[in-house]
Amino acid sequence: MITLPEFLDGTTPHCGPTTAHLFDSTDPADEQQAAALCADCPLRPGCAQHALTAPEERGTWGGLTAHQRRRIRNPDDTAWVDGKGRLRVACGTYRALQAHLRYGEACGPCRAAQAARTERARRASLAAAHAAGGTVAGAAIHRRLGEPTCVRCRAAEARRSAVQRAARHMAQHPQLAMAS
């Protein structure tokens, strides 16, 4: 005899025989559709709790995929489920910013943290450009950072411009290219 989980209290769930394939699939599109069906299901909280405590290893339960449930059960992961059944992580991380964007939310701390990460990466790239004696890419990074271009990076741009001008000149005057 099959014992039904406690959360099935007689309320009709939003999942059924016609959508069962979505809840057992590992295809991201199917998982997304299954989670959407779970979103306003009255049994979602109990279903998700059952899947976390049972533990159910496969499928989408209570709007949570198997991967999301593994993250929640992992003591080293700071993920949790919010009141709407969405997987969340601590603000200030790239994953949290991606979640905010996916859910159509704005988060000042996440955007500020991303801006700081971007600036650190640009400064590291700029240091490498300076170690190489200045580069065209370094000049572009200076501009992205909103600062004046240093002499070495500006010189690299000037060298590139001179080579490009010479190439255009040779293309416009092929007889000069043959003479040299």
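**A tour of the predicted chain**

The count of aromatic pairs here is zero; the rule pairs rings of Phe, Tyr and Trp (its six-membered ring) if their centres lie within 6.5 Å, with planes under 30 degrees apart counted as stacked, over 60 as edge-to-face and the rest as tilted. This is a predicted model, in which local features need pLDDT of at least 70, side-chain atom pairs count only at pLDDT 80 or more, and totals for chains, interfaces and linings use all residues. Residues are numbered from 1 along each chain as its sequence is written, and side-chain values use heavy atoms, leaving out hydrogens and water.

Start with the whole protein chain. Its C-alpha atoms fill a box of roughly 95 × 35 × 25 Å along the principal axes. The radius of gyration is 28 Å, whereas a compact globule of 180 residues would have one near 16 Å (taken over C-alpha atoms; the globule rule is 2.2 Å times the number of residues to the power 0.38).

Next, colour by secondary structure. The protein chain has nine helices and two strands (DSSP runs, H or I of at least four residues for helices, E of at least two for strands, numbered from the N terminus). The order along the sequence is α-α-α-α-β-β-α-α-α-α-α.

Now select helix α4, residues 66–73. Ala-66, Gln-68, Arg-69 and Arg-71 are buried there (under 20% relative accessible area, 1.4 Å probe, protein chains only). Show α3 (44–53), β2 (87–88) and α5 (94–102) as well: they are among the elements that cover the buried residues of α4.

Finally, select Arg-102 and Tyr-103. Arg-102 lies over the face of Tyr-103, at 5.3 Å from the ring centre (the rule asks for NZ of Lys or CZ of Arg within 6 Å of the ring centre and within 35 degrees of the ring normal).

Note on methods:
Buried means under 20% relative accessible area, exposed over 50%, partly exposed in between (1.4 Å probe, protein chains only). Contact means heavy atoms within 4.5 Å.
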